[in-house]
Amino acid sequence: MSFGRVEFLDLARQYRAVRADVDAAASRVLARGWYVLGEECAAFEREFAASCGAAHAVGVNSGTDALTLALRACGVEPGDVVLTAAFTAAPTVCAIVAAGAVPRLVDVDPVTLCLDPQALRRELETGVGGRAKAVVPVHLYGHPAPMGPILRLAREHGLKVVEDAAQGHGALYEGKPVGTLGDAGCFSFYPTKNLGACGDAGAVVTADPEIAARVASLRNYGEESKYRNRIRGVNSRLDEIQAAILRAKLPYLDGWVAARRSLARFYDEELAAAGLTTPHEAANARHCYHLYVLQRPDRERFRERLLARGVATAVHYPLPIHLQEAYRDLGREPGGFPVAERAAREVVSLPLYPELTDAEARFVAAAVREEAGDGDR
């Protein structure tokens, strides 16, 4: 079958599939006339916490704010050092800076592209360990970071662990949902995520009632009761329409993740003989395939050839954090994080989302196979 073009992502397809539920949810909020911190937000917090196996969830304005407020709730103060992956989306580091902390980057594992525990140990042994307050492992692309060794290192050095699970909805580490392994887990519900709102939204999950209470206060100006501000907070509330839409979509999440995993297995099988570096799934992990990411040394030519065949791709992410202009002051020149730098040069994301048809997936796989063998052209 031939297509004019297979888009990298088509969010309208998901809306059409769940339109009745989403429209009813939004209408319910509009009819009730209560738009911020009402019944829908409280219900979503209960339901999302239950779906993660967490004791508490607190809805906030975005995944970035979830990280910032979770760090503050865990005791991170201005000037504290927070360690995180050198290869991640910029919002991870934006959140650390917004909490007043100093980011300290750590190189990533060459196979999973998640935080490398050995590199983390080396950073902690440089002397930064005495100034560090927390570590933020990133479950990049939906593959769990190696939480066992990270948690052991954190305990050795007295660090809090705040998981960046923005891409981790439905991922498991040793059978446990990501976001529930550290002191707090932070999720984004940006529209492209495995569970996406119709705008910005996020949540913090935790087993600690004090952390949950602090996040709930921080998101609402630091109030402990109406017009009584105990701490200096911000406005980062999950609004009622987004909460209602997320409640409508949440029952579909397991099925959507299963569809992503099925498509990933199909790509794995179809591309096995193509000589490509395809995504890895560790034996003790379940990848939720927020993204299906290849590595290709001639990435830009490869993408151009795929586009000429009608396959749109994306790059997540073209620059590691230390080479971003905004973060050049972090003290590492090119060559400082070789694995992150190579990944940034080579990663390319293929179309993969639950509404992608089997015929489209076959078309994508065939185009990738054919172009993978044409790298010298």
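Which residues in H9 meet which residues in H12? In this predicted model, Leu-263, Phe-266, Tyr-267, Glu-270 and Leu-271 are the residues that H9 brings to the contact, and on the side of H12 they meet Ala-361, Arg-362, Val-364, Ala-365, Val-368 and Arg-369. The residues of this contact divide into eight nonpolar and three charged, with no polar residue among them. Helix H9 spans residues 253–271 and helix H12 spans residues 358–372, and the two pack at an angle of about 30 degrees with their axes 10 Å apart. The crossing in which H9 passes H12 is right-handed.

From H3, Thr-64, Leu-67, Thr-68 and Leu-71 take part in the contact, and they meet Pro-91, Thr-92, Cys-94, Ala-95, Ile-96 and Ala-98 in H4. The residues of the contact of H3 with H4 comprise seven nonpolar and three polar, but no charged ones.

Turning to the aromatic side chains, a pair of rings is described by the distance of the centres and the angle of the planes. By the rule that ring centres lie within 6.5 Å, the count comes to nine aromatic pairs. One of them joins Phe-44 and Phe-48, whose ring centres are 5.5 Å apart and whose planes stand at 20 degrees, so the pair is stacked, the cut-off for stacking being under 30 degrees. Phe-44 and Phe-48 both belong to helix H2 (residues 39–52), where, because they are four residues apart, they are separated by about one helical turn. Both Phe-44 and Phe-48 are buried.

The ring of Phe-44 also pairs with that of Phe-189, again with centres 5.5 Å apart, but the planes of this pair stand at 80 degrees and the arrangement is therefore edge-to-face. This pair links distant parts of the chain, since Phe-44 lies in helix H2 whereas Phe-189 lies in the loop between strand E8 (184–188) and strand E9 (202–206), 145 residues apart. With buried defined as under 20% relative accessible area, Phe-44 counts as buried at 1% relative accessibility, and Phe-189 counts as buried at 0%. Ring pairs link Phe-44, Phe-48, Phe-187 and Phe-189 into a cluster.

A contact between a charge and a ring is found at Phe-302, where the charged end of Arg-296 sits over the ring, 4.7 Å from its centre.

How values were computed. Residues numbered from 1 in each chain as written. Predicted model: local features only at pLDDT ≥ 70, side-chain atom pairs only at ≥ 80, totals over all residues. Heavy atoms only, no water. Phe/Tyr/Trp six-rings, centres within 6.5 Å; stacked < 30°, edge-to-face > 60°. Buried < 20%, exposed > 50% of the residue type's maximum accessible area, 1.4 Å probe, protein only. Lys NZ or Arg CZ within 6 Å of the ring centre and 35° of its normal. Axes fitted to C-alpha atoms, helices over the stretch in contact; angles between N-to-C directions. Left-handed = near helix turned anticlockwise from the far one by under 90°. Contact = heavy atoms within 4.5 Å. Nonpolar A, V, L, I, M, F, W, Y, C, P; charged D, E, K, R; others polar.
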